[in-house]
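Me: I want to know what stands behind the words used for this model. Please set each value against its definition and then conclude.

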Amino acid sequence: MTITQDPEHGTTAPTTPRHRRAARMAEAAGGGWVLVLTKIVLLGLILALAVYTALVLSRTDQWVAAVIVVLVALLAVWVYMGRGRLPAKYLMPGLIFLFVFQVFAALYTGYVAFTNYSTGHNASKASAVNALMLSAQERVPDSPSYKLTIVDQLGELSFLVTDPDGDVQIGGEERPLQEVSDAEMQAGKAVGLPGYTTLKFGDIVAQQEKIADMSVPLSSDPNDGVLRTPDGSTAYAYTSKLVYDDAAGTMTDTRSGVVYKDVGTGAFTADDGTQLKPGWQINVGFDNFARAFSEESIRGPFLQVLVWTFVFAILSVFTCFALGLFLAIVFNDPRMKSKKYYRVLMILPYAFPGFLSALVWAGMMNQEFGFLNVVLFNGADIPWLTNEWLAKFSIILVNLWLGFPYMFLICTGALQSIPDDVQEAARVDGASAWQVFRSIKLPLLLVAVAPLLISSFAFNFNNFSLIYMLTGGGPRDITAGVNVGATDILITMVYKVAFVGSTSDYGLASAFSIIIFILVATISVIAFRRTKALEDLN
Amino acid sequence: MSTTQTTAPSTSAIVTGAGTGAGVRGEGKEPRRPFGKYFRETGWRHLVGVVATVFALFPLLYVISASLNPGGTLLTANSLFSSFDFGSYVELFQNPSQPYGAWFMNTLVIGLITSALTVLLGALAAYSFSRMRFKGRRFTLTALLVVQMFPQMLAMVAIFLLMVTISDIFPAIGLNTQIGLIMVYLGGALGANTYLMYGFFNTVPASIDEAAKIDGAGHARIFFTIILRLVAPILAVVGLLSFIGTCSEFVLASVILIDPDKQTLAVGLYRFVSDEFSKNWSVFAAGAVLAAILPVALFLALQKYIVGGLTAGSVK
């Protein structure tokens, strides 16, 4: 690279388009009113956006978040408008993303780990009360039926109802019924209204689900109940069988007379222990951690997953390193020809996207139709991915395929950087080949690759895509209280607890995340200390 | 296999090879060794190489062969290269329930934008760490390293809940949007990348900056026109690693992107293959081959830089 020429080209004679572009950029960066104007406009936009966000946030009483948003925007203005503060100007964009999506996300994980946030506990108490009342709606026995026409205005559906007395009213989702007088009548039933389009039968069928889900309040008092329709032509009054007593904080089932109280578990609970779901989110302290270590149905699978995670991570590093080192030694001979071609071909598994490799291997290891059983083992019936122990073996094998090229590359690099004179000196002193390898090459090599081995361990500790794509964590352990299998590692367990299946337990999943973090952090700190010691020795 | 072969002479060949081989190799007219000697010295290495290459290649050949066998199931894919037909590649783009074209473009767009911005943010940070001395510099550098101990993947629940909240305020950048996913990825833009770049920035002598400063160049001009060009190799490495990493990322993409036509290849292909595992195997294989071509080509083209970059981080 011709360093001396570059500034010249930049200032006097921009020759190539790249130079010209760079020169323009530099011109802009160097000052000028265009830049100042752009800067002001951009910062103004950021401020405006921040104020808008803060307003929206304050409407839902999230004051802390609102204040933070405004403060960050002001900080940006302060940093970029003033002279100096150079480091901040360069660091701020990256740091903002880092803070929001990594630091805050980490802290928030910690917070969620101490709550009961899950499928049944996903909201505030007020919205839990609303949801309960809505879900407990029942048709009022012997109540009159309303003749119904469904009308549409600008894509929003409304109920046009004629009650048994012949009064016509209109209303929609969250819009209580209102009297109307100018409806078009047909045989005692309102069938149209100026400004609205009447839905035909075909339209009603097409929007069947939406219409069946609609509930139109009879009046602005929620205790009066709502109108719902099963068929799009008749509506019935529904009321909730649950009554919420705001003063006492209790839910009463009007049908059975059972009183559900708020006993501090995040859900209305009756005296006999039955709970109304959904509940709401509360702080549960160390409950999630306690569950992980003490609840029988979770502890067993959790400990098993924990052990397998370590075994998997250690074995992966070890097998890949062993094969990579062996190949590096084999190919580290100057007399050998066409090494280059071997090298390119052997790198291919590393270049191939990992998740695809796992999916392809999953196909090849299929018990009935897979390539391994049908072709290589001549029609054998080996349960590669469905037997607990074979599945573990298969995972290690596929990981070896994925990971050995990387180890081969770094071992080759490290071997080539070991100076020849050390080896020669050893040989002159009468060391055998094995001794040279054992006492000189290997220690020097380990010093060089130890940090990479540690990061490889950390990577495999959280090697989600291999496990999830190859076995999906299976074969499933049916006795477990959480959805885990024999080959699940901690990170796939977190994913499954939080996002797979019909119920999600965000609190428990976050608690597992925190446990993983503590483990990885402890190991990394110890390991890096030890490699430092190793470096000092040499 | 030669009966005289033991492990001892072969390892000694490695050791002595380094010293004596260099001179012989350039001449190219080595006297022909007897086969036994040849095998003991280098022949067996080729044997190992061939075995390793077969191990490395056969899954790749298998998937290519499966993709050329249209209408094939898992079972018919086993007869390698029995047919040669690009039908599956056409079929791949014709099924609306499995919008492969959209997945491909999404992956490309998300990958390119993420990697470009990652390089920019990382380079800005590395420049300030390498060239400026300010209060809290050491602390920030250490903090970046410590933060990496809590990878974003671990925070998937929190990120999901955060995106749900953002959706309430700005639906355009919240859950189920690609901008949202890119923003999440950018949260990991500093960290490991900054360290990699920081090391490389330090190898560019500061006297170049000073000379430019004396000539009247401002900090931005020095950064954009001089430094960035001198550190181009590391920019390529970081950009490429980030691109490849983003393209195969599954966890966050699957949590944030919900609609099938917004998903990336990793999420889409996984759902596709787990739905109808053995039935549409050749279509999946075609999808896998197409998805892999770009990363593999990029990797091979920039192999030299990547290997250098991978080891530069820690092998000193």
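Me: What covers the buried residues of α13(B)?

Reply: The cover includes α12 (354-364) and α17 (464-470) of chain A. From chain B, it includes α4 (100-131), α11 (232-247), α12 (251-256) and α14 (281-301). The helices here are DSSP runs of H or I with at least four residues, numbered from the N terminus, while strands are runs of E with at least two. This is a predicted model, in which local features need pLDDT of at least 70 and side-chain atom pairs count only at pLDDT 80 or more, while totals for chains, interfaces and linings use all residues. Residues are numbered from 1 along each chain as its sequence is written, and chains are lettered from A and ligands numbered from 1 in the order in which they are written.

Me: What makes helix α13 (residues 265-275) of chain B "mostly covered"?

Reply: Eight of its eleven residues are buried. A residue is buried if 20 or more other C-beta atoms, placed from the backbone, lie within 10 Å of its own, exposed if 12 or fewer do, and partly exposed in between. The buried residues are B:Leu265, B:Ala266, B:Val267, B:Gly268, B:Leu269, B:Tyr270, B:Phe272 and B:Val273.

Me: Why is B:Ala123 called buried?

Reply: B:Ala123 has 27 other C-beta atoms within 10 Å, so B:Ala123 is buried. The residue sits in helix α4 of chain B. Leaving out residues up to four places away in sequence, B:Ala123 touches B:Met197, B:Leu228 and B:Leu235; a contact needs C-beta atoms, placed from the backbone, within 7 Å of each other.

Me: How do you know whether A:Val398 is buried or exposed?

Reply: A:Val398 counts as buried because 27 C-beta neighbours lie inside 10 Å. This residue belongs to helix α14 (residues 388-416) of chain A. A:Val398 touches A:Ala358, A:Trp361, A:Leu466 and A:Leu470, with residues up to four places away in sequence not counted. Along the chain, A:Val398 and A:Leu466 are 68 residues apart, yet their C-alpha atoms are separated by 8.3 Å.

Me: And why does B:Leu196 count as buried?

Reply: B:Leu196 has 21 other C-beta atoms within 10 Å, so the label is buried. The residue is in helix α8 (residues 192-203) of chain B.

Me: What makes a group of residues a nonpolar core?

Reply: The members are buried Ala, Val, Leu, Ile, Met, Phe, Trp, Tyr and Cys residues joined through C-beta atoms within 7 Å. The largest such core has 178 residues, of which A:Leu359, B:Met156, B:Ile159 and B:Ala288 touch the most other members. A:Leu359 touches A:Met469, B:Leu269, B:Tyr270, B:Val273 and B:Ala288, residues up to four places away in sequence aside. Another core lies apart from that one and has 21 residues, among them A:Phe159, A:Ala190, A:Leu199 and A:Leu218.

Me: How many residues does each chain bring to the contact?

Reply: Chain A brings 98 residues and chain B brings 97. On the side of chain A that touches chain B, helix α5 (residues 86-113) gives the most, with 17 residues. That side has 73 nonpolar, 19 polar and six charged residues. In this count Ala, Val, Leu, Ile, Met, Phe, Trp, Tyr, Cys and Pro are nonpolar, Asp, Glu, Lys and Arg are charged, and the others, Gly among them, are polar.

Me: Where are the bounds of the domains of chain B?

Reply: Domain 1 is 7-14 + 27-92 and domain 2 is 100-275; such bounds come from an automatic or database domain assignment. The C-alpha centres of these two domains of chain B lie 37 Å apart.

Notes
Two residues are in contact if their C-beta atoms, placed from the backbone, lie within 7 Å.
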